[in-house]
Amino acid sequence: SCLKWNELKTKMNDLGRLLATKKRDDDKAGMMEVEQERHAIAKKIRLVKLQVIRCLLFILPSVNWSLPNWATNPLLGELPLNGLMLAEAYTSVYQSLVGMQA
């Protein structure tokens, strides 16, 4: 996800330079096209950021459950574990809603 995020930021920067060129040349149709591409990439970046947040929220529960004695001697208590998983679930739903928007 971080590599994809970096790739999308590079594309966004390239489009920014292209937009500056179109503005300098006063190419209104080209400017509109570049703005639409920038909007689409901004949406993709937002989705990648949400995916990174979901992964971060899932790290501690994953470590907790990977321990050999997680049932008898857990790393996390029940409340923090359920809180992290609930936050990840909310983030997942939000990511789905953002992804469905036009």
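Ile-41 has its place in helix α2, where helices are DSSP runs of H or I with at least four residues, numbered from the N terminus. The model is a predicted one, in which local features need pLDDT of at least 70, side-chain atom pairs count only at pLDDT 80 or more, and totals for chains, interfaces and linings use all residues. Residues are numbered from 1 along each chain as its sequence is written, and side-chain values use heavy atoms, with hydrogens and water left out.

With a relative accessible area of 10%, Ile-41 is buried; here buried means under 20% relative accessible area, exposed over 50%, and partly exposed in between, for a 1.4 Å probe and protein chains only. Leaving aside residues up to four places away in sequence, Ile-41 touches Leu-8, Lys-11, Met-12 and Leu-15, a contact being heavy atoms within 4.5 Å. Leu-18 lies 23 residues from Ile-41 along the chain, and the C-alpha atoms of the two are separated by 14 Å.

Helix α1 covers residues 2-25, 24 residues in total, and reaches 35 Å from its first C-alpha to its last, close to the 34 Å expected at 1.5 Å a residue. That expected span is 1.5 Å times one less than the number of residues in the helix. The buried residues of α1 are Leu-8, Met-12, Leu-15 and Leu-19, and these pack against α2, which spans 28-66. An α-helix has 3.6 residues a turn, so residues three or four places apart point the same way.

How do α1 and α2 pack, and at what angle? The angle is about 160°, and the axes are 9 Å apart; axes are lines fitted to C-alpha atoms, for helices over the stretch in contact, and angles run from 0 to 180 degrees between N-to-C directions. The two helices α1 and α2 are therefore roughly antiparallel to each other, on a scale where angles under 35 degrees count as roughly parallel, over 145 as roughly antiparallel, 65 to 115 as roughly perpendicular and the rest as oblique. The residues of the contact of α1 with α2 comprise 14 nonpolar, two polar and ten charged. In this grouping Ala, Val, Leu, Ile, Met, Phe, Trp, Tyr, Cys and Pro count as nonpolar, Asp, Glu, Lys and Arg as charged, and the others, Gly among them, as polar.

Between α1 and α2 there is a loop, and Asp-26 has its place in that loop. Phi of Asp-26 is near 60°, a positive value in a residue other than glycine. Most residues other than glycine have a negative phi. Asp-26 is also exposed, with a relative accessible area of 53%.

Helix α3 runs over residues 78-100, has 23 residues and reaches 33 Å from its first C-alpha to its last, close to the 33 Å expected at 1.5 Å a residue. In α3, Leu-81, Glu-88, Thr-91, Gln-95 and Val-98 are buried, and the buried residues of α3 pack against α2. The angle between α2 and α3 is about 160°, with their axes 9 Å apart. The helices α2 and α3 are therefore roughly antiparallel to each other, and the residues of their contact divide into 14 nonpolar, six polar and four charged.

Leu-50 lies in helix α2 and is buried, with a relative accessible area of 10%. Not counting residues up to four places away in sequence, Leu-50 touches Thr-91, Tyr-94, Gln-95 and Val-98. The C-alpha atoms of Leu-50 and Ser-92 are separated by 7.9 Å, although the two residues are 42 residues apart along the chain.
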